[in-house]
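Have the picture open while you read.

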Amino acid sequence: MTESIPTDSAQAEDSTEPLLTVEGLRTKFATDAGSLVAVDGVDFTVEKGETVCIVGESGSGKTVATESITGLIDQPPGMIEGKIRFNGHSLTSMTESELRSVRGNEITHIFQNPQEAMNHCYTVGWQIVEAIKIHDEDVTDAEAKARAVDMLDRVGIDNASSRFTDYPHEFSGGQKQRIMIAMALVTDPDLLIADEPTTALDVTVQGQILQLLNDLQDEFEMGILLVTHDLGVVAQIADRIVVMYAGKVMERGSVFDIFDTPSHPYTQQLLDCLPGRGSAVGGIPGKLPDPTNHPDGCRFAPRCAHAVDACKTGSQPEEITIEGDHSVSCVYYTAGYDRSVVEPPSSESTGKKTEVEYSDD
Amino acid sequence: MTEPLLSVRDLQKHYPIKKGWLNRQVGAARAVDGISFDIQEGETLGIVGESGCGKSTAATSIVRLEEPTAGEVIFNGSGRGGASRNADGTHPNDVTRFDRRELKRFRRDVQMIFQDPSSSFDPRMPIGDTVAEMLIVHGMNDKHRRRAIVEDLLERVGLSGSDYDRYPHEFSGGQKQRIALARALVLNPSLIVADEPVSALDVSVKAEILGLIRDLQAEFDLSLLFISHDMSVIREICDRVAVMYLGEIVEIGDTETVFADPQHPYTEALLSAIPVPDPRSRTEQIELTGTVPSPTNPPSGCRFHTRCHRVIQPDGTDIDQESWRGLLNLRDSIAADEVDIEQIRELAQASEPEVTVETQIRSEFGIASLADSVLDSAVTEAIEQLAADRQAVAAETLAEVVWTPCEKREPPETTHSDGHVSRCLLYEHDQPETVAADD
Amino acid sequence: MATERPDRFDQIDWDEIAGSTGRELSVNLKLMLLTGTPVVLLGLYDHFVVGAREATFERLGEDLGLASQFEAIGLTFDPSSLDILFVFTLFLFLWFVLLPLYQNPRMTRYYWKEFKRNRPAVVSLLWLGLIFIGGVIGPFFISMPEQNLIAAYQPPVFGSVDQVHVSQCMGSIENGRCHGTWEYPLGTNRGGEDVFAAVVHGMTVTMQIAFITTTIVAAIGITFGTVSAYAGGWADEIMMRFTDIILSFPTLLFFLLILYIYGAGLGMFILVFAAFGWGGTARYVRSKALSVSEEEFVKATRISGAGTYRIVRRHIVPNTASSVITQLTLIIPGFLLAEAQLAYLGIGDTAVPTWGQLISSGRNAIDFAPWIVLVPGTVLFFTILAFNFLGDALLDALNPKAESEAGGE
Ligand code: SF4
Ligand code: SF4
């Protein structure tokens, strides 16, 4: 498999390079109403064994951003610009067939709706075996089967060996999502891209799926790039968070940075929507800007309570590093402004901080 | 205590299952199987449960979108209050007995909001007309007055009057749910039944809509029956909550009480599933294993016993709870002939290093070895029988020694405090001696 | 309640209003009744009163004592019953398809925006519009092609034919070849009939077939389908089995049988094919109606207290309509082809100048006078193609979906 991928020899060996690096990603679509810029210059990285969450409302461009990584966007009408490096290779310079082999093997996807992602004419066992065989051509039937059952067992399908020959419709929604995860993991990927994997599921099942992803990550040492609108999900699983709004990154940082000291007005409001935090009723007034015609200045300005004139001209404020890798794109953090206006009230953040450091085992 | 606005008594909705040429009825799916609760004026009651537990069917049966199979739905709102039972025991306000005219009157008093904003509007009708249609149906022929009312209402739910002529596809999901609220409100009902009104929405939009519902409720003194699978939403909006499992209410009480002190393992499991928006408390949630039963053939005794993580061990048995659950799962799987021994054998041989069939099965069910020797040898024997292709014998072997009180006896209703009732054998003895009889 | 009627929803005095149901005739229905009734009366008059050889309007003028006035404005022609039926369906089309488009400009604009994306379909629509206009007003300006054996096999303008084939060349003769003239822009056939005139009159017939058959098919199919879907149970079962029979009925053989026993014209052709052509539509409408009635908006209407009639009329039918229109558009080519085939085999209605007749009249002369076959053949081909393109495009355009909420999430 690897032979077919052009190797950037100088950097392939460089162990300090992250698993996935996305730089200046810009994805646009040609539409009747003009060019729609869904993702407008976004950078992020995913390290081995790390979970990065991209958070945003629907329409923020988060799904397009992840689908651009493996070229799942139809081109045209889509158009992807920017640098995407994965495992030392540049994904942007690959041909479609090379990309396809990366997509099924080293980077795998799971989607929101397991219903639609499965072939209902074949047994789930057959589908997983198929995935294994595509990945590894020398495998014998018996081995492939054993691996498939083992995988089903590991993703928590009870009585896996007997259910191997069941058809998708014989499983519940949560079980289907588990099977999708099994299918995504049989090829032992380095990166798993999960797009709203729990949104279509009952709350009871949501937590279990997240738990499962967490456990499997420890076991397989893969990177996870999770896309969701639900910060509650993020708190359960993320190591680092990228908050997106209208195609731009608003804030990024570790999960503790974001939850303890949310520094961007948008992040603060998103957090306030969460039940069990903030008021949970009220939401964010206003709506996302028209993606074919983004406002000047800060994209969030039309809905931001703190917006000043400077927010409405020029382009999105530069990302300012607050501390470590916590950075935020808001004018109040640039020179000449009083950042305490938009900083989270410190009493709350200290109140939340506990002596005991959370240890991620 | 004042008369409740709505009181549901022993409501049932069974769907007949028909087979064969002559459409003979061979059974019934008991989607709702005898639920009772009250809603007071201005109160919000939540019904929570997993998909398939019958909560939506309960909603549609109460408003008579579907005809309930049995039971009473007594609606005392809008000047119907104070009625007493007829001589034959029926109630004049029983919705299930309303005739056409009474039902039409009832439609003005109870309205509904649906889950899916994308399908709850006629794609070919301007949304203003959709809302105004409610008025036409009830006889308001004055076109200009209809328009004025609807425009005013659209403004109250946070849209603008000029949206009247726009079509559903021009609105976002959150805006559509606002319009749905307008449609539910336009006849000025006293009760609104909301079936998962926010579960298809983004978190931020969800919060907006919940806020709006709450404001409107206060302004127009509405009662609400709020159906959701999401405990965290229930906590935000409901005064009381009823937890439904497989067609039955297993626990009901004040939201705060139920959240603070759940008296049923299923409620515990639901509560543990609420994501905590705090990265420091990544709690382990309770995982329910075992088979999800079908409403056509509900389990005996406590309906939750096939999945309950706290399922009771009989006197004399004392093994760790997880193995106990695994053991019951194994028993149920063998009894249902779901263990495919051929597959397992093949698999056991293929695995690295090769293992016996028994080890394979034991590991799949999480019962590597059991502290109780009687049970352990029963497992060994059952697996041997199974390997010899004698599934019935294997099932019997296990059934003899593995049983739980939970499947023998239906748990009675236990009152824990005023209005807090649950049905679980574990909590049966908690019954306070006397419940303070306050009026 | 003080002076004015309050226009707030929570201050409506329902006791004052309740009781009456808001059922009134829609503007569309009123207009249809207004325009359709005279047409129906005329049809009945034509059928029962007017003799076979009399011109309908002439007789009408006499009966009304207005003969001279009628003659003065040129109202002397004799519409066939097909023509009258055609006018009736045109009114239906006008009041129930075109007028609603005008009444709902936002929706129309949306449909048009979606439809416009499909270039071939726009061209198809133009083409069909041309055929339609030609078919409706053409016969008033271009008279029916007449036999004129002297002018047989005249070539089209810019075309030529070997002199030996024409008895008398109307154009110039150069190098032994007869050249076409503007008198017969598309040439003539064996009988000396003007191909252009025949094609224009063929348009009328084509449009008559298209409109009348679809109207009949739609009327039976939609009624049958919705009733079946809503009745359910045994009624549904019986109606659907009946539909199966209709679907498997050998319509062509049946038509041939009638043809041999009684003889049959175009009217009979339309009647028979439409009467047995609605099976697919009924089935389609039924399944669509069933799925629409499961939608939440129908539940929401039911819970408003609306009766079944209202739900079916206001929600189910309009929402099945878009797919039905598509389906109907796609079955028209079948009827047109069937007609052309019958005509080609020489068992069509020779009294009516259809494209099929024209093609058939040219098949023996195809080696030296190919235009007789080519011209109507091409027109027929493009018309059928256009209906197919149109059907596909309508399928996409008439189903409003939520605009992807920004950025294809
Ligand atoms: S840059 Fe201005 S508009 Fe944007 S978030 Fe900061 S204060 Fe608000
Ligand atoms: S009765 Fe038994 S099975 Fe049912 S909930 Fe209580 S402990 Fe669980």
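Residues are numbered from 1 along each chain as its sequence is written, chains are lettered from A and ligands numbered from 1 in the order in which they are written, and side-chain values use heavy atoms, leaving out hydrogens and water.

Start with chain C, where helix α5 (residues 81–103) packs against helix α8 (residues 195–231) at about 65°, their axes 9 Å apart. Helices here are DSSP runs (H or I, at least four residues), numbered from the N terminus. The axes are lines fitted to C-alpha atoms over the stretch in contact, with angles from 0 to 180 degrees between N-to-C directions. Among the α5(C) residues that meet α8(C) are Leu82(C) and Phe93(C); contact means heavy atoms within 4.5 Å.

Ligand 2 sits among chain B residues including His264(B), Cys302(B) and Arg310(B); being near means having a heavy atom within 4 Å.

| Group | Nonpolar | Polar | Charged |
|---|---|---|---|
| α5(C)–α8(C) contact | 9 residues | 3 residues | 1 residue |
| Ligand 2 shell | 8 residues | 2 residues | 1 residue |

Ala, Val, Leu, Ile, Met, Phe, Trp, Tyr, Cys and Pro count as nonpolar, Asp, Glu, Lys and Arg as charged, and the others, Gly among them, as polar.

Where pLDDT is low, the predicted coordinates should not be read in detail.

Finally, Leu66(C) lies in the loop between α3 and α4 of chain C, with its C-alpha atom 48 Å from that of Phe389(C).

Terms used
Predicted model: local features only at pLDDT ≥ 70, side-chain atom pairs only at ≥ 80, totals over all residues. Helix = DSSP H or I, 4+ residues; strand = E, 2+ residues; numbered from the N terminus.
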